Amino acid sequence: STGILFSPLQGTSELFAFSTLPITAPSAILIDHATQRIIYAKTPHLKRAPASTTKILTAIVVLEHLPLGRVITIPAFVENIQPSKAYLKAGEQYRVRDLLRAVLINSSNDAAETLAFMAGGGSRSRFAQLMNRKAKSLGCSRSHFVNSSGLPAKNQYSTVYDLALIMKEAQRYPFLVETLGTRTTVIQSLGGRKITLKNHNKMLWHKDRAVVGKTGWTRKAKYCFVGQIQSKGRQIFVSMLGSHRLWRDLKTLADYQFGLSLLKRSRNHKTVPEKQERVAIQLALRRAGFDPGKIDGVFGPATIRAVKKFQKAN
């Protein structure tokens, strides 16, 4: 349950540990895009149901197998897929780009399963094999996918670390990044039926915190998110699974990567770590070369200055 700062993405040498940020998610991670350093991690390799964050990998695999302009005919079976959905109708025809927009903006399970069926050569299970092969190639060693939508399924799981790797791969596809950042749009079948899509990511309406990504929710998975935070020229990958308060947790993580959350905690005695944790923080700071003053478990001015210096340096 401890939040830990690590060195480079592939390493796990602990630099500094402190009590968990006030988030409800049991698993979360922040990774700097430029340096590939893990900024914050909480049980990053804990396997959990990924819900609709699965759709980022789905979109990547679809783009590797289907051109955006290809016309797809909606199969009959998708009318029975559980929501969220775009309520596609059997026999309708859409281009791949519009079905991907439905997947990423409206989290449409029927669009995801349609694309999986076509990209898998008429086999949804074959598409799942393609997903797992792609995930493994990206270094996702603790993930296994059974379907393209993220709907509950036995033996379907991932970790925040693996999902961050998948989000990193998504950067190679400008269409995906652009679509994830779209608030609302309209897609149209070749027959002329229009469907309005509204993004489930409420953070797109927060001008001070540009957070682009994919939400997810099921009863078992709780609230999930994978995406990227952009501010002041920095780009941070964020992944979170199992949250009970998605938007509050996401805001806390977005604040933390700019050094705001810990500063707010130090001003509120109700959220300051216990004394033995504060002593551990001071000792860790001293070992790292940042003088916290007297090792007394008191979060005084010297310790706060040391924390700020450490955050700035790292």
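Strands here are DSSP runs of E with at least two residues, numbered from the N terminus. With that in hand, welcome to a set of close-ups from a predicted model.

**View 1. Lys194 in strand E8.** Lys194 belongs to strand E8, which covers residues 194–198. Is Lys194 buried or exposed? Its relative accessible area is 59%, and exposed means over 50%, so Lys194 counts as exposed. Leaving out residues up to four places away in sequence, Lys194 touches Val186, Ile187 and Gln188.

**View 2. The whole chain, for orientation.** The protein chain holds 10 helices and 11 strands. It has 314 residues, and 53% of them count as buried. Among contacts in the chain with a separation of 6 or more, 56% join residues 24 or more positions apart. The chain exposes about 14300 Å², with carbon and sulfur atoms supplying 51% of that area.

**View 3. The largest nonpolar core.** This core has 62 residues, and those with the most contacts inside it are Ile56 and Leu176. Helix H5 (residues 160–170) gives the most to the core, contributing eight residues. Another core lies apart from this one; it has 19 residues, including Ile23, Ala25, Phe225 and Leu253.

**View 4. Around Ile56.** Which residues does Ile56 contact, leaving aside its neighbours within four places in sequence? They are Leu104, Ile166, Met167, Ala170, Leu180, Lys214 and Val226.

**View 5. Helices H1 and H2 packed together.** Helix H1 (residues 54–65) and helix H2 (residues 96–105) pack at an angle of about 170°, and their axes are 10 Å apart. Angles over 145 degrees count as roughly antiparallel, and H1 and H2 are therefore roughly antiparallel to each other. On the H1 side, the contact is made by Lys55, Ile56, Ala59, Val62 and Leu63. H2 brings Val96, Leu100, Val103 and Leu104 to the contact.

**View 6. Segments to view with care.** The mean pLDDT of the protein chain is 88, and 87% of its residues reach 70 or more. Over residues 1–19, however, pLDDT stays under 50, and the model has 61 contacts beyond four places in sequence for this segment. Residues 261–272 also keep a pLDDT under 50, with 20 contacts beyond four places in sequence in the model. Where pLDDT is low, predicted coordinates should not be read in detail.

Technical notes:
Residues numbered from 1 in each chain as written. Predicted model: local features only at pLDDT ≥ 70, side-chain atom pairs only at ≥ 80, totals over all residues. Heavy atoms only, no water. Core = buried A, V, L, I, M, F, W, Y, C linked by side-chain atoms within 4.5 Å. Buried < 20%, exposed > 50% of the residue type's maximum accessible area, 1.4 Å probe, protein only. Helix = DSSP H or I, 4+ residues; strand = E, 2+ residues; numbered from the N terminus. Contact = heavy atoms within 4.5 Å. Areas by Shrake-Rupley, 256 points an atom, 1.4 Å probe, with all protein chains shown as cover. pLDDT = per-residue confidence, 0-100. Axes fitted to C-alpha atoms, helices over the stretch in contact; angles between N-to-C directions. Parallel < 35°, antiparallel > 145°, perpendicular 65-115°, else oblique.
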